[in-house]
Amino acid sequence: MHNRSFFRIFMQTGAWLILAFLLLPMLVVIPVSLTDKSYISLPQDGLSMQHYTNYFTSAEWLWATGTSLFIGVGVALCATVLGTAFAIGCWFLSDRMSTIARWILITPILVPPVVQSLGFYRFWVQLGLIDTYTGVILAHTLLALPYVSISVFAALANLDRRIPQAARSLGASVWTTVISVVVPAAKPGMMAGAIFAFIVSFDEIVGVLFITVRNVQTLPKMIWQGIQDNIDPTIAAVATVLTVITLVLMAVGALRKS
Amino acid sequence: MTPGLLTDRHRYWLLILPALAVMIIFYIWPLVNILGISVTEPEPGLGNYALLAESRPIQTSFIITFRVAAITTVFCLVLGYIVSYAIYNASKRGVGLMVALVLLPFWISVLIRSFSWIVLLGRSGLVNDALMGMGLIDRPLRLMHNEFGVLIAMVHVMLPFAVLPIMANMKGIDRSFVNAARGLGASEWTAFWQVYFPQTKPGVLSAALLVFVLSLGFYITPALLGGGRVLMISEYITYQIQEFLKWGTGTMLSVTLLVATGVVILAAARFVNLRRAFLERG
Amino acid sequence: MTDSVDHEFRRDLVEVAAHRYREGRLTRRGFIAALGALGVLPMMGKGAMAQASELVIVNWGGTAADIIKEVLGDTYTAETGVPVVIDGSGPSAGKIRAMVESGAVVWDVCDSGPGSAIILGQQGVIQPIDYNVVDKSKVIEGATWEYGVGNYVYSYVLASNPKMLGGNTPQTWADVWNVKDFPGMRTFRKSVRGMLESATMAMGVAPEDVYEALGTQDGIDAAIDKFRQLRENIIVWGSGSDSQNLFLQEEVSMGNIWSTRAHLLKDEMEEGSFTVTFNGGVLSPGVWVVPNDNPAGTEEAMKFIAFAQDPELQVKWLELIGSGPANPAASPLVPDALKPWNPSSPENLATQILYNDEWYAKNQIAAEELYVDALIN
């Protein structure tokens, strides 16, 4: 084998460079968050935790973080329950109608965020849901449903159809079969779906810009306003906290898998 | 068909219905309303749609949108292909890390990534600082507040969306054809281009569709890095609505963007397995 | 109905106040005084408000409204016992009219603009200003109307960063269009408000003739064309904080921004790296209006407006937030260091023109379309 061929070296080096392009910009927030200056810069005369102190002592930032966590968990719960039931129903049916239903449920992936947000805004005004937690949780649940239903459906692909049939023929009701046979098989998909749903909600910005005013302040909204208002290293500190948490969770996930 | 089976079907539908009903009532219906507003405000008729033919900024904004989406797609495909190829065909070392690095950006919000690019590309950003510090330039380069800045950030956001379908496709490819071609004396490049690449086309097309469609609706990145002059349709819509309260124009543009997205998807259906591209990814 | 009030400026002003408050430049007391002067709360006059059970002042809220509410609720009630309701929901002309027509008026004094004051007056939904109580002589010329009276002023001004320009700062709009001698990026607003005027002056039109020149389609096209020529050097600002940020990050070396934001920048930028000139500025007043059948009664509302004319208060609020006194008597009281930053000082008034609401009511929508086209096409 010509393992050292130019083509191979090109592809491999290229890949690592591209991966560096993916990774490095996200890491740049780390040194910036430690700067001793009050503006965006690399640390100059030493490292400083002041921007972290700023974040962790700011009622506004903490409240927004809490709000985003609360909404994210609510969305993960709602979307996982609804989306799992949906995917299980579709899996049992697996006919033309249920495929159409699956297409309908994934529309939020394809519709541009601004377009759907206009829709939310007008309808939420009519329903009195503007600037309410219910309104945000509902909107985010809709955006998260596609991910939950796709991942649960994918998990069910590995379930042998004869198993629920056997349960049924032994006299179990549809509901018992679903709970005791199908849901356990769907669990990995539900877990993945719940995590997806949480992330979708936790990161969502365009929708909240339209359907909230100032009663509901989420973390992305604070960051958005921060970028618009005064780009200061506190945002870098917030970004670093989120990035590091993500990295740790990914590492934990990878370790558990292996 | 026994009555028992019939009720079972009903029960399955009972599982499906809550999610489906919520989606139709709170998502599809508001979208239909948008269509309604576009033909009723400020007055009933197709007056808003006439702007598509009359208004030059609207036309330009659509051109910018499609151009930015197309360039983003091309870059993502090339870069994504190289990464995927390396993952499946390079040495075993580091493959796990490569996959992890591709997936990582998915978990970091677009907003934070845009912020990172602002930190890097600003006039007094880190890239300019570094270049000036090294004496390579004596005046800061204009890296953002223009199309360049928007493109670089959009490629960054979209790249993982290109890698995944291509990777999924390459996973199923049997290397033995390539090896056979090599055994018959084809150069590595010829074997790749004539034998391997054609087999990866479905993945590439799928990736192209996904990246292009998602790029069409981009808002955050152009708004933050475009300096107001890379006015993609999504930003134009918010501009019409927030600045001038022109809901008619804004919703008309929304409907047009939605239709354009739909047309792109339907046109792609001939080349791309839509089920695999959208319904079964995950 | 055309609502030509620049809503965004009003919202921005409250953000400016909050910004100051967070910075610690405003003491709590100063903050309250400033807001009082801005009409966000009634003044704590000696018994002036004693009879009123409640006075509702309406302004434009903004992200800072929470802080305002918190601060105001605590202290004002503690000091006077008079409950104050601050409504930051934005008294747009449409909302004022809807409220009056519905018969359930809950607003007493609203921070509006000249255009709205005229239109709402014609529609008969707001009350004439009682110039026996409110002193006309305490308002700069051109800022009093039958149904509204100026309460503060702000300007669109030419700001620049001398450090980035090697000390050679632009003095006129023509300089701003001179990319060769004045390099760097410029910032202009995302909307034509206050912008077309500068392009017109850059063509050599005398300030007093600007709106006449813009009165014809040719004049508008010519101004738009100026932006087309300059566009490779333009970064657009969407919000007041946007414009501030562009200067702070040194993304731009000059631009046309609100004087209130310039006021913040002068303290935030390094010494010698920020300056403004009011030469060719466009001055715009904020205007009090009082809806029909306001709950606290006409007399109370007028008393409040009159009280807010106090020159010392107005100077205070220039110091704190940067909006200029509407009362000419305030100018001499302005500390020397601040005089160059005061949009309504006699020197600065002499070189500015007054924002023409009628022109905007007639031409804005069409001009915006052309403007966007010039910038992106």
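Biologist: Is Asp131(A) buried, exposed or partly exposed?
Modeller: Asp131(A) is partly exposed, with 15 other C-beta atoms within 10 Å. A residue counts as buried if 20 or more other C-beta atoms lie within 10 Å of its own, as exposed if 12 or fewer do, and as partly exposed in between, with C-beta atoms placed from the backbone.

Biologist: What am I looking at, and how is the numbering done?
Modeller: This is a predicted model, where local features need pLDDT of at least 70 and side-chain atom pairs count only at pLDDT 80 or more, while totals for chains, interfaces and linings use all residues. Residues are numbered from 1 along each chain as its sequence is written, and chains are lettered from A and ligands numbered from 1 in the order in which they are written.

Biologist: Back to Asp131(A): what about its phi?
Modeller: The phi of Asp131(A) is positive, about 60°, although the residue is not a glycine. Most residues other than glycine have a negative phi, and most peptide bonds are trans.

Biologist: Where does Asp131(A) sit?
Modeller: Asp131(A) is in the loop between helix H7 (113-127) and helix H8 (133-156) of chain A. Helices (H or I, at least four residues) and strands (E, at least two) are DSSP runs, numbered from the N terminus.

Biologist: And Asp293(C), what is its phi?
Modeller: Asp293(C) is not a glycine either, and its phi is positive at about 55°. Asp293(C) lies in the loop between strand E8 (275-289) and helix H12 (298-307) of chain C. With 14 C-beta neighbours inside 10 Å, Asp293(C) counts as partly exposed.

Biologist: Which peptide bond is cis?
Modeller: The bond from Glu41(B) to Pro42(B) is cis, with omega near 0°. Pro42(B) is in the loop between helix H1 (3-40) and helix H2 (47-54) of chain B.

Biologist: New topic. How many helices and strands does chain A have?
Modeller: Chain A has 13 helices and 0 strands.

Biologist: What is its radius of gyration against the globule rule?
Modeller: The radius of gyration of chain A is 23 Å, well over the 18 Å that the rule gives for 258 residues, so chain A is more spread out than a compact globule. The radius is taken over C-alpha atoms, and the rule is 2.2 Å times the number of residues to the power 0.38. Along its principal axes, the C-alpha trace of chain A spans about 75 × 70 × 30 Å. Buried residues make up 49% of the 258 residues in chain A.

Biologist: How many residues of chain A are in contact with chain B?
Modeller: 73 residues of chain A are in contact with 72 residues of chain B. Two residues are in contact if their C-beta atoms, placed from the backbone, lie within 7 Å. Helix H1 (residues 6-27) of chain A gives the most to the chain A side, with 12 residues.

Biologist: What classes of residue make up that side of chain A?
Modeller: The side of chain A that touches chain B divides into 56 nonpolar, 13 polar and 4 charged residues. Ala, Val, Leu, Ile, Met, Phe, Trp, Tyr, Cys and Pro count as nonpolar, Asp, Glu, Lys and Arg as charged, and the others, Gly among them, as polar.

Biologist: And how many residues of chain C are in contact with chain B?
Modeller: There, 16 residues of chain C are in contact with 16 residues of chain B. H15(C) gives the most to the chain C side, with 6 residues. By class, the side of chain C that touches chain B has 5 nonpolar, 4 polar and 7 charged residues.

Biologist: Inside chain B, at what angle do H3(B) and H9(B) pack?
Modeller: Helix H3 (residues 56-89) and helix H9 (residues 188-216) of chain B pack at an angle of about 145°, with their axes 9 Å apart. Axes are lines fitted to C-alpha atoms, for helices over the stretch in contact, and angles run from 0 to 180 degrees between N-to-C directions. The contact of H3(B) with H9(B) has 11 nonpolar, 5 polar and no charged residues.

Biologist: Last one: what domains does chain C have?
Modeller: The assignment for chain C gives domain 1 (7-153 + 285-350) and domain 2 (154-283 + 353-376). Such bounds come from an automatic or database domain assignment. The contact takes 20 residues from domain 1 of chain C and 17 residues from domain 2 of chain C. H1(C) supplies the largest share of the domain 1 side, 7 residues.
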